[in-house]
Amino acid sequence: MLLEALRTDRGGQVLLAVLAVAVVVVPVLNLAVPPDSPLYLSTYTVTLLGKYLTYALLAVAVDLVWGYLGILSLGHGAFFALGGYAMGMYLMRQIGERGVYGNADLPDFMVFLNWQELPWFWHGFDQLWFALLMVGLVPGLLAFVFGYLAFRSRVTGVYLSIITQALTYALMLAFYRNEMGFGGNNGLTDFKDLMGFSLQDDRTRVALFVLSAVALAGGYVACRGIVASRLGRLMIAIRDAEGRARFLGYRVEHVKLAVFTFSAVLAGIAGALYVPQVGIINPNEFSPLNSIEIVIWVAVGGRATLYGAAAGALLVNYAKTYFTGALPEVWLFALGGLFVLVTLLLPRGIAGLLRIRRPA
């Protein structure tokens, strides 16, 4: 069923083909081409592209619940940030005595704040396997608990969107507090290496780019498999006529909870890949504005397409990088105007304009 779905998914084929080419071409242009060559791709560009790919994976996760299940989540930035913090905690533990204060056990910000011992929730993050487990477990557990309470109470529509936004705002306020043990305003930064490989090395940056591309491809294939299955058809039925699906005997709450939790895990993985590439994670990642931007990416690319969501994330963030450098004072106005224009003129996004959208 999955293979059949991919064979008929022209947009997905294009996305996967581009990713396959990128994981070959980008490393060659960065590592094998001389820096003075016009074909040389700088490490800065490689890092920027890797960051865009993590955003694309996040957009795919949001499209899964919004496009196919009808849940407009304005809180997925929280799951992204939690996955990032889990990876950041591992990277901080790897610094050890190389920190400013030379403390082998406590990160620099804890020494600065006169913490005497490592908090209990930091234990285990000196091991990569534990950090990777937490990358998926923490966002997934939060989504499960939140979803269980919300879906059991049959909170839907704009009310659910507001509650998800309140969730990420509450987490942002909590993580700003120094007492939480996550670095307060400054967050976690000054990372040195990952698995013994320097994060400043070009080869490490390329490897992170490749991992991001593989994660996006894997996340896309997994989501496409879900929407092409019986579960996917049930998701669409719930989106279009939840009351009727419930009347027919389907456990709507269970479907919503399972898909919402899976989507949160994907967002956490995206956050974990994002942090070592940008070199910092702080409470600003919980900002409700970030979650709203994610929705804009999906709307621009094309809701309920998956590949459109990824394309929208890549295009909007490229435009953001350009305009924040060239015209920083108008970027937010341009972003808002883009969302309005897409809503009015391109309700199906870029994917609908190109007429390659796969029928739901």
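Begin by selecting aspartate 190, which lies in the loop between β1 (188–189) and β2 (193–194). In this predicted model, the phi of aspartate 190 is near 65°, a positive value in a residue other than glycine. With a relative accessibility of 35%, aspartate 190 counts as partly exposed, since the partly exposed class runs between the buried limit of 20% and the exposed limit of 50%.

Select asparagine 114 next, in the loop between α5 (108–112) and α6 (128–152). Asparagine 114 also has a phi near 65°, again a positive value in a residue other than glycine. Is asparagine 114 buried or exposed? Its relative accessibility is 58%, and asparagine 114 therefore counts as exposed.

From there, go to leucine 39, in the loop between α2 (10–32) and α3 (43–67). This leucine 39 is exposed, its relative accessible area being 58%. Which residues does leucine 39 touch, if those up to four places away in sequence are not counted? They are Leu29 and Val33.

Now display helix α7 (residues 157–175) together with helix α12 (residues 288–301), whose axes come within 9 Å and cross at roughly 140°. The two helices, α7 and α12, are therefore oblique to each other. To see the contact itself, show Gln165, Thr168, Tyr169 and Met172 on α7, and Pro288, Ser291 and Ile292 on α12. Of the residues in this contact of α7 with α12, four are nonpolar and three are polar, while no charged residue takes part.

Zoom out to the whole protein chain, which has 15 helices and four strands. Its C-alpha trace spans about 60 × 55 × 45 Å along the principal axes. For 360 residues, a compact globule would have a radius of gyration near 21 Å, and the 21 Å of the protein chain agrees with this. Of the 360 residues, 50% count as buried. Among contacts with a separation of 6 or more, 77% are accounted for by residues 24 or more positions apart.

Finally, colour the chain by pLDDT, which averages 92, with 98% of the residues scoring at least 70. Over residues 356–360 pLDDT stays under 50, and the model has 18 contacts beyond four places in sequence for this stretch. Where pLDDT is low, the predicted coordinates should not be read in detail.

Key:
Residues numbered from 1 in each chain as written. Predicted model: local features only at pLDDT ≥ 70, side-chain atom pairs only at ≥ 80, totals over all residues. Heavy atoms only, no water. Axes fitted to C-alpha atoms, helices over the stretch in contact; angles between N-to-C directions. Parallel < 35°, antiparallel > 145°, perpendicular 65-115°, else oblique. Contact = heavy atoms within 4.5 Å. Nonpolar A, V, L, I, M, F, W, Y, C, P; charged D, E, K, R; others polar. pLDDT = per-residue confidence, 0-100. Rg over C-alpha atoms; globule rule 2.2 N^0.38 Å. Buried < 20%, exposed > 50% of the residue type's maximum accessible area, 1.4 Å probe, protein only.
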